[in-house]
Structures are given as structure tokens and as C-alpha cells.
Amino acid sequence: MPDCRTHTQVGAIAGVTLAGYHARYETPVDLMTELLGGAIGGYVGGRLPDLLEPATFPGHRDVAHSCVALGAAAGLALEGWRRECRTRATAYSETVASPTVLSDYQRAICRLLDFLWRLAAGFCTGLQAGYIS
């Protein structure tokens, strides 16, 4: 790809696409949250190889741009983190929905943590897709 703008645009599109695929059975709000995380992760992932090996670096397009790095980016670590993020988000979502007595403050914190964990799940997926793109 010729420039930074192309890397980030393609990375964000790839991130949203893969995040949408992984979150396709989630509620509409959770799907949108993971799509946002996927876009952010894809943007970062699309930039990551050039951040690790800038164009001014003598080894540009060496290790960080190689198939080995792509395989590592697609590895199970990010998939495991995505699952863990979604599990934590679901726990906070269930806490809000349960009949337990929570203050408005506790309920708001649980909703915020649910949102942030879902955003992180989408980010992990998007980062993987953006890097590979």
C-alpha cells in the first residue's frame, strides 16, 4: 500500500468487517460497540507495521511486514483476549440486569465497564484484521 492513509483506511474497514462477523449474534447495542472497537483496532493495526518499522528505518518491510509477523498477529492470543473481554462484558451486563440492589452509581459503573470490555473485544478483533490488511 502506498501511504499511511491507505493503511489506516483499509485497516479500519477490515477491523469493522471482522468485528462485525464475530459480533453478528450480539444485541444491536453490543454489535455497534464492537464495531466501533473494531474500527479503532483496525486503524491501529493498519498503522502498526509502519510504526514498528518506519519507512526511514533500514529494515523497513522486514520483520514487521513479514508472513511470520502476519501469522503472529492472527494467532490465538488476540482471539483469547477477545473472548475474555466479551466474557467480562457479559458479567457486567448480567449484574446490571440482575434483581440485586445496586445504587445508580454502581449500575452506571457496571454499564460503563460492559461498554469498555465490549469495545476492547472489538479492538482485539480489529487490531488483528488491520495488521493483516
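In helix α1 of this predicted model, the buried residues are His7, Thr8, Gly11, Gly15, Ala19 and Gly20, and the elements that cover them include α2 and α5. The chain as a whole contains five helices and zero strands, which follow one another along the sequence in the pattern α-α-α-α-α. Of its 133 residues, 33% count as buried, and 71% of the contacts between residues at least 6 apart in sequence join residues at least 24 apart.

**Helix α1 and the overall surface**

- Helix α1 covers residues 4-22, and its 19 residues should span 27 Å at 1.5 Å a residue, which agrees with the 27 Å that separates its end C-alpha atoms.
- The chain exposes about 7,800 Å², and carbon and sulfur atoms supply 68% of that area.

**Salt bridges around arginine 118**

- The structure holds nine salt bridges, and one of them joins the side chains of glutamate 26 and arginine 118, with an N to O distance of 3.3 Å.
- Glutamate 26 lies in the loop between α1 and α2 whereas arginine 118 belongs to helix α5, so this pair ties together parts that are 92 residues apart in sequence.

- The side chains of glutamate 84 and arginine 88 meet in a salt bridge with an N to O distance of 2.8 Å, and the two residues, four apart in helix α4 (residues 76-97), are separated by about one helical turn.
- An α-helix has 3.6 residues a turn, so residues three or four places apart point the same way.
- Glutamate 84 is partly exposed at 37% relative accessibility, and arginine 88 is likewise partly exposed, at 38%.
- Salt bridges that share partners join Glu26, Asp30, Glu34, Arg86, Asp114 and Arg118 into one network.

**Glutamate 34**

- Glutamate 34, which is placed in helix α2, counts as buried, with a relative accessibility of 1%.
- Beyond its neighbours within four places in sequence, glutamate 34 is in contact with Ala19, Ala23, Glu26, Arg86, Arg118, Ala121 and Gly122.

**Cysteines**

- The count of disulfides comes to zero; cysteine 85 is in none, and the nearest cysteine sulfur, that of cysteine 124, is 4.6 Å away, whereas a disulfide needs the two sulfur atoms within 2.5 Å.
- Cysteine 85 is buried, with a relative accessible area of 8%, and cysteine 124 is buried as well, with a relative accessible area of 9%.

**Nonpolar surface patch**

- Leu36, Ile40, Tyr105, Ile109, Leu112, Phe115 and Leu116 make a nonpolar surface patch of about 640 Å², and the elements that give two or more residues to this patch are α2 (28-52) and α5 (104-132).
- The largest share of the nonpolar patch, five residues, comes from α5.
- Leucine 112, which is found in helix α5, is partly exposed, with a relative accessible area of 44%.

Note on methods
Residues are numbered from 1 along each chain as its sequence is written. This is a predicted model: local features need pLDDT of at least 70, side-chain atom pairs count only at pLDDT 80 or more; totals for chains, interfaces and linings use all residues. Side-chain values use heavy atoms; hydrogens and water are left out. Buried means under 20% relative accessible area, exposed over 50%, partly exposed in between (1.4 Å probe, protein chains only). Patches are made of residues with over 30% relative accessible area and no salt bridge: like charges are joined within 9 Å, nonpolar side chains (Val, Leu, Ile, Met, Phe, Trp, Tyr) within 5 Å. Accessible areas come from the Shrake-Rupley method with a 1.4 Å probe; for residues, only the protein chains shown count as cover. A salt bridge is a side-chain nitrogen of Lys or Arg within 4 Å of a carboxyl oxygen of Asp or Glu. Contact means heavy atoms within 4.5 Å. The expected span of a helix is 1.5 Å times one less than its number of residues.
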